[in-house]
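Thanks for coming. I will go through the pockets and then the ligand.

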Amino acid sequence: MNIGIVCYPTFGGSGVVATELGIALAHKGHKVHFITYSQPFRLNQFNENLFYHEVNVNDYPLFDYQPYESVLASKIVDVAIYERLDILHVHYAIPHASVAYLAQQILKSRKIKLPYITTLHGTDITLVGQDPSFEPVIFFSLNNSNAITSVSESLRKDTLKTFKIANDVKVIPNFIKIEDYQHPTETCHRKNFAAPHERILIHISNFRKVKRVEDVLRVFDIVRKEIPCKLILVGDGPERPAIDKLCRELNTCSDIISVGKIANPKEVLSIADVFILPSETESFGLSALEAMAVKIPVISSNTGGIPELNIHGKTGYMSKVGDYKDMAKNTIALLSDEKKFQQFRENAFEQAKKFDIEVILPMYEKLYEEVIKAGI
Ligand code: GMT
């Protein structure tokens, strides 16, 4: 198949999923065309089936807001015609679903058919999508998508509750390529981060409010009073000043290592012991899955799609959103019982295997075939 993929190329789960999906499809022989405003950060390999089409928005003084959507729609039309796309797959509804619809209509006027699939990733429905100023556009473009997928059952339910669309939403979960996580770390050594007797807690996110990174610091503050440990923070974002302030108040900064944005965090993950994910909402929790793929149990909130991944009392523990004391209690209990900890590590890995690309990729391929066959 000739597949067009539109996504956010920046750090973030939806871009990671879109890029890894495109790479896996290319390895299976499909031709994959990424259409984005900059090179997706994980698209850093040569493959004869992978193509990248940059969307360049010129800066005209007339515009206070540059018309990105118009340029993106024109680019999709161009790529669809000259690369003979069979299907377009857009990740994150806003604004990609409505742009896909516009491109589809332009192509239709030129007697070219291009079905499009919208994959919902979470905040496009649970946060941004709740803003009434987007409602008519999201509703319309979802209803006109040739198929919609969501990354968890929880997000599917949220979508159908928020938008009374006639279209069904098919659940295709996040995935990882499990074999990529099996090789021991080469460049990241545990001894550079912690003493032999210390444990390592880790958190990865884009440091937005929804991630509740302050709760991570509060969990760490309680745990380190019982168990010698370090905290590694991966990522960065708008909550950084609040986090810096809190670690100074708690007097924990010297035991927190901030490594910033890392394109592929598997090496740093592989030296950690426990992953902390206290999010306010989380449609799936791709970073937790990445942690589980290197046998790290997860201490999380019990919100959104997280319970579909993290099994309470087996692969980790879940607590109510904001209950950092309970999260700390669970972390201490887990790290104080070596037998249980080792069992949880194995359980986490077994659970991660269920989300291997080998299991998930055929779901997308089947859907593409069905949508192309159904026509528009
Ligand atoms: O986590 C983020 O805020 C980034 C966001 C994105 O779209 O890049 O992630 C969402 O999509 C990921 C991939 O499908 C999911 O694993 C994350 O759970 C989801 N984030 C939220 O729902 C907050």
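The second largest pocket has a volume of about 490 Å³. This is a predicted model, so to be plain about the rules: local features need pLDDT of at least 70, side-chain atom pairs count only at pLDDT 80 or more, and totals for chains, interfaces and linings use all residues. Residues are numbered from 1 along each chain as its sequence is written, and side-chain values use heavy atoms, with hydrogens and water left out.

A pocket here is an open set of points on a 1 Å grid over the protein atoms alone, where a 1.4 Å probe fits, with protein on both sides within 12 Å along at least five of seven lines; lining residues have an atom within 4 Å of a point. Points are joined across faces, edges and corners, and the volume is the space filled by probe spheres set on them.

Lining this second largest pocket are 25 residues, and Glu20, Ile23, Ala24, Lys177 and Asp180 lie nearest its centre. By class, there are 12 nonpolar, four polar and nine charged residues. Nonpolar covers Ala, Val, Leu, Ile, Met, Phe, Trp, Tyr, Cys and Pro, charged covers Asp, Glu, Lys and Arg, and the others, Gly among them, count as polar. Helix 1 gives the most, with five residues; helices are DSSP runs (H or I, at least four residues), numbered from the N terminus. Domain 1 (2–175 + 356–374) and domain 2 (179–353) each contribute at least three residues to this lining, the bounds coming from an automatic or database domain assignment.

Now the largest pocket, which holds about 1,100 Å³ of space. Of its 45 lining residues, Phe11, Gly12, Gly13, Ser14 and Asn206 are closest to the centre. The lining divides into 17 nonpolar, 19 polar and nine charged residues. Helix 1 supplies the largest share here too, four residues. Both domain 1 and domain 2 provide at least three residues.

A polar side-chain atom of Glu282 sits 2.5 Å from a ligand oxygen. The backbone also takes part: a polar backbone atom of Ser14 is 2.8 Å from an oxygen of the ligand, and one of Ser283 is 2.9 Å from a ligand oxygen. On its own the ligand has 480 Å² of accessible area, of which the protein covers 93%, by the Shrake-Rupley method with a 1.4 Å probe.

Definitions and conventions:
Helices (H or I, at least four residues) and strands (E, at least two) are DSSP runs, numbered from the N terminus. A polar contact is a pair of N or O atoms within 3.5 Å; within protein, one must be able to donate a hydrogen and the other to accept it, and residues adjacent in sequence count only if both atoms are side-chain atoms.
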